[in-house]
Amino acid sequence: MNAAVAIENLKVTFGAVRAVDGVDLVLEKGQALALIGESGSGKSVTLRAILRLHSEKRSRIEGRIQAAGRDVLTMSKRELSAFRGGTVSMIFQEPLLAFDPVYTVGQQITESIRRHEGVSAGQARVRALKMFERVRIPSPERRLDAYPHEMSGGMRQRAMIALALACRPEVLLADEPTTALDATVQIQILLLLRELQAELGLSTIFVTHDLGAAVEVADRIAVMYAGRIVETGTARQIVLDPHHPYTIGLLRSRADGALAKGARLDTIPGSPPDLANRPPGCPFAPRCFLAEERCRREEPPLAAAGPSHLAACWRSEEAAASFRRKRAEAAEPVLAV
Amino acid sequence: MLFYILKRLVYVTPVALGVSLVCFLLVHLAPGDPLSAVLPVDASQETIAEMRAAYGFDKPLPVQYAIWLWRVLHGDLGNSIATGRPVLSEVGRAVVNSLILASLATLIGFTFGTLFGFVAGYRRNSILDRLASMVSVFGVSVPHYWLGMVLVIVFSANLGWLPPTGAGPDGSGNWRPDFEHLRYIILPALTMSVIPMGIIARTVRALVGDILGQDFVEALRAKGLTEFGVFRHVVRNAAPTALAIMGLQLGYLLGGSILIETVFAWPGTGFLLNAAIFQRDLPLLQGSILVLAMFFVLLNLIVDVMQTALDPRIERA
């Protein structure tokens, strides 16, 4: 196994709801992969499954997950807790909620370092301070003793990154790391993550619903819909040459760029299917502008749409052609890659 | 922190003044002439007027209050009508006894309450949760004087293990921490402990359930903490609220245990209040209520300060 993370046929079920339904995913070492999709598409569930964070009582996980050369689903409780935060660590969407409010940020980082490396409290603090400098938190010595609610949103997310990277993990999982932040801070955090990833040779999976953020940091993008991956390719392929109508819908429903005043923003009509009661055929068919009879009957498999580019659509060629045509017509602004 | 405590002390002043005013007015709110308990039924008009002047009842109310407050501030709560002894020493002794009983009861209640609460909160909707909830509902709703009587019947009358009433073998009102006296405190303390136990168990259960549902718990697991490591965070998060409840319960028990202290003839404030009410001993009543109310104010202050020390989100400035 050379990949940092390899997921095979992952299925995560909560009661009657199958939130993730047969996901295959490979993250190469040192690369960044963005998992994109709307709320409820299963992207966060997939990410949490890599650390087995779902309650064992309320969920069932099937398939195979390999991360940093380890088989996640067969680990013992003890191995798992050493693995979490030590080998694979995670940063969360809302850093204010992800820190324990009654401990200082420094205490929480040293706690993690001491748990994984058994160093003294003093040494752990020195390490935490170095991490704070590394994520460029101003006056780090003082900030270590601050409580989470005493920091700004961007500062908190930097601290969260410091916490996640404090024990030198091989893989970093980021669950919408910029969603809760101001637009200007978002960019700073994304740039910081990209820089740290290159510096530390991290392999990263980002979950986001922001295509702009995905393009900014990711080498590859996987688009999820209704618990499955519907399209995967390099960031460039996904943004410039999408082959799935859902990806095209996501690209068109972006508000930035030169949207003429008064022009309506394109949206995807309808809402995602009920995952407890999945209809036959392609799950996107009811909302798709290209859907035909076959789409409602048979489910399309992921098929090659180019080199290392897969799309799960019966009419992927038509979809891609329609995207190219529209773009040529409207000279639609394209995300810079 | 010191500044915060000082500030809180300043805030306490108006509360304390208000409490003292209510206590003072109590004498005038009580039905009947306050002198009727002191004077013989056939007292002459002159005697009544004389007594009225002696007690200061002939002056206007604000002046009476000022004089009374001045005396209270100098530690003079007057003399008990029934015994003629200074109210302050009577109340002081009772407060010590009540404090001992209430502290032990709160300690027992807090220990078992948090235990049940944590088990129930961690194992929501399991059989253990139901059992713990049953015990705590029982604790909150059972009539405590009845429970006291049942315990007396079982452990004193039938089994003969523990004495049924009093604070010590010599019949005196002074409890001492030795084995003989310990036997006397067990039954009233157990009876009393079911009150805070029930309330604390229910509060802690809700708290733990709430804390475990918060995002940071998942983040703690994600950084590799063991379940015990997560548990320590849960305890630290639950502590401020649990301690606040405990402090308030201690306050309630200190003053609100008339029934239990009467059942067990425990020479505490509840017992004293009971006697004062039935003997129409107004100075004693006034004094004990004032002291109890001040204790409550003080406890609230201590709880607030402790909460601030434990939870950094509470504003200190």
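Before anything else, a definition: helices (H or I, at least four residues) and strands (E, at least two) are DSSP runs, numbered from the N terminus. What we have here is a predicted model, in which local features need pLDDT of at least 70 and side-chain atom pairs count only at pLDDT 80 or more, while totals for chains, interfaces and linings use all residues. Residues are numbered from 1 along each chain as its sequence is written, and chains are lettered from A and ligands numbered from 1 in the order in which they are written.

Let me start with chain A, where UniProt, in an unreviewed entry, lists residues 5-251 as "domain: ABC transporter"; such annotations may be inferred rather than shown by experiment, and the positions follow the numbering used here, with feature names shortened. The span of residues 5-251 is 41% helix and 26% strand, and its end C-alpha atoms lie 27 Å apart.

Chain A also has an open sheet of eight strands with mixed pairing, in the order β6-β7-β8-β3-β9-β10-β12-β11, where two strands pair if DSSP finds at least two bridges between them. Its edge strands, each pairing on one side only, are β6 (88-91) and β11 (303-306) of chain A.

Turning to the place where the chains meet, 23 residues of chain A are in contact with 19 residues of chain B, contact meaning that the C-beta atoms, placed from the backbone, lie within 7 Å. On the chain A side, two or more residues each come from α2 (77-83), β6, α3 (95-98) and α4 (105-117) of chain A, and α4(A) gives the largest share, three residues.

Finally, how are α1 and α12 of chain B arranged? Helix α1 (residues 2-29) and helix α12 (residues 282-310) of chain B pack at an angle of about 160°, with their axes 10 Å apart; axes are lines fitted to C-alpha atoms, for helices over the stretch in contact, and angles run from 0 to 180 degrees between N-to-C directions. That makes α1(B) roughly antiparallel to α12(B), a term for angles over 145 degrees, with under 35 counted as roughly parallel, 65 to 115 as roughly perpendicular and the rest as oblique. Among the residues that meet in this contact are B:Tyr4 and B:Ile5 in α1(B), and B:Val305 and B:Thr308 in α12(B).

Key:
Contact = placed C-beta atoms within 7 Å.
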